[in-house]
Amino acid sequence: MGRVEPIFIQNYTLTDLELWVEAIGERRFRARQVFRNIYGRHINDWGECSDLSKMFRLQLEHGTHLHALTLQEVREAADATRKYLFELSDGLRIESVLIPDPPRQTLCLSSQVGCALGCRFCLTGTMGLKRNLTAAEIVDQVCRVQEDLGAGRRITNLVFMGMGEPLANLDAVVRAIHILTDPLGLAFSHRRITLSTAGLVPQMSRLGSATPVNLAVSLHAAEDALRSELMPVNRTYPLEQLIRACREYPTPPRKRITFEYILLDGINDHPRQARELVKLLHSVRSKVNLIPFNPHEGSVFGRPSERAILAFQEVLHKAQMTVIIRESRGADIGAACGQLVAGSACA
Ligand code: SF4
C-alpha cells in the first residue's frame, strides 16, 4: 500500500475536521480542540497541545501539515506597511501586505499565484496565472502574519486585494472565509472582510449567496472602450452587465459597494470622465476610492497632478457621492497597489 500524503489541515472547516477525526478513530469533539489549538493558541507544533492524548498528537504529527506557508522575508516601509514574502510547498512564492492604520490592522491577502486577467496597469498582469491558492494557503497568510505581530497587535480587517483575482478561485476563497470567520477559529466578522474583483460577473452572484462579505469592484474607467483597453475582462463582462450584477449583489442595509478607481495621468482623469462615473454609478449604493497611480519601473502610465486629482474628486462631491482619495501604502518597498513583484496588487 502506498504512503498516505499528509493533509494540509488548514484546508478543513470545522465540519470537515469533525469528519476527519472520526475517520481516524477519535471522538468528534476533538476537532474543536484541534481548531482552538491552531487558530486560538497559534501552536507551531502538535507537541504543544497538552489537551490532546499522546497517541492523537502522533497521528496529527504524521498525518497533517500544520502550516501551508514558509515565511521567507518581511520588509517594512517608512509608513510602517509590512510586506511578507511566503514560499508555498511547491516552491512558488506569494506576498501579503499588512497596512497599519491604528486601531485598524488590515491584511491584504493573495488568492492566486499570478493572475490571468492581464490588467494593463498591474505587474501581475505581466506574469500570467501560475496556479490557484488552496484555502490553507489563504488562511495561513493570516496565521503567519498574526504570529509575526504577536499577542499585542491583532489583525482587524482582511481584504482580498493582493495577488490574483479572488473570484477566479471562488471555491477556495469561500472555504477560507468560512474558516476565518468560524467563532472557534480566527473569528473574523464578515463585516471586516472585503473581496475585490475586476468584474467576473457570474461569480459575483455566487459569492453573494455563499458568504456576506463586503464587495469592492476595480472599475478604473466608466466607458466600455477605455475599460476594455485597461482591463481585458471588460470585453467579456462589459459595464452594463457589471453594474447590473452590483445592483443585484446582496449588499447589507447601510452598506455600500466600494468602487476602486486608479487615476492614470491623461488616461481616465478628465472631469468629463468623472461625470461619466457619476452617471454610471447613480443606481448603485456606492462609495468611490480614488487611487492616484504609483508609477513603477517599466510602467507606461503616470500619476496625475494634484490639481487633476482634486478636480476629479470635486465632480463626484458635487454629485453627492461618497468619495475618498486613497494613497497607496508601502510604495518604497514595492507593496503599493499594483507594485508587488512576487505577486501584484489587485487595485
Ligand atoms: S489588477 Fe487584479 S485582476 Fe487585474 S491583473 Fe492585477 S491582480 Fe489580476
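**Exercise 1. Which helix holds the place of Glu-276, and which residues does the helix cover?**

Conventions come before the steps. Residues are numbered from 1 along each chain as its sequence is written. This is a predicted model, where local features need pLDDT of at least 70, side-chain atom pairs count only at pLDDT 80 or more, totals for chains, interfaces and linings use all residues, and side-chain values use heavy atoms, without hydrogens and water.

Solution. 
- Step 1. Glu-276 sits in helix H10, residues 271-281. Helices (H or I, at least four residues) and strands (E, at least two) are DSSP runs, numbered from the N terminus.
- Step 2. Glu-276 has 24% relative accessibility, so the residue counts as partly exposed. Buried means under 20% relative accessible area, exposed over 50%, partly exposed in between (1.4 Å probe, protein chains only).
- Step 3. Leave aside neighbours within four places in sequence: Glu-276 is then in contact with Ala-222 and Glu-223. Contact means heavy atoms within 4.5 Å.
- Step 4. Take Leu-133, 143 residues apart from Glu-276 along the chain: the two C-alpha atoms are separated by 36 Å.

**Exercise 2. Is Ser-286 buried or exposed? Find what it touches.**

Solution. 
- Step 1. Ser-286 lies in strand S13, residues 286-292.
- Step 2. Its relative accessibility is 10%, so Ser-286 counts as buried.
- Step 3. Skip residues up to four places away in sequence. Ser-286 then touches Arg-256, Ile-257, Phe-259, Leu-281, Met-321 and Thr-322.

**Exercise 3. Describe the cover of helix H2.**

Solution. 
- Step 1. H2 spans residues 30-40 and is mostly covered, with eight of its 11 residues buried.
- Step 2. The buried residues include Arg-30, Gln-33, Phe-35 and Tyr-39.
- Step 3. Their cover includes helices H1 (14-23), H3 (54-63), H4 (135-149) and H5 (170-181).
- Step 4. Just after H2, His-42 has a positive phi of about 50°.
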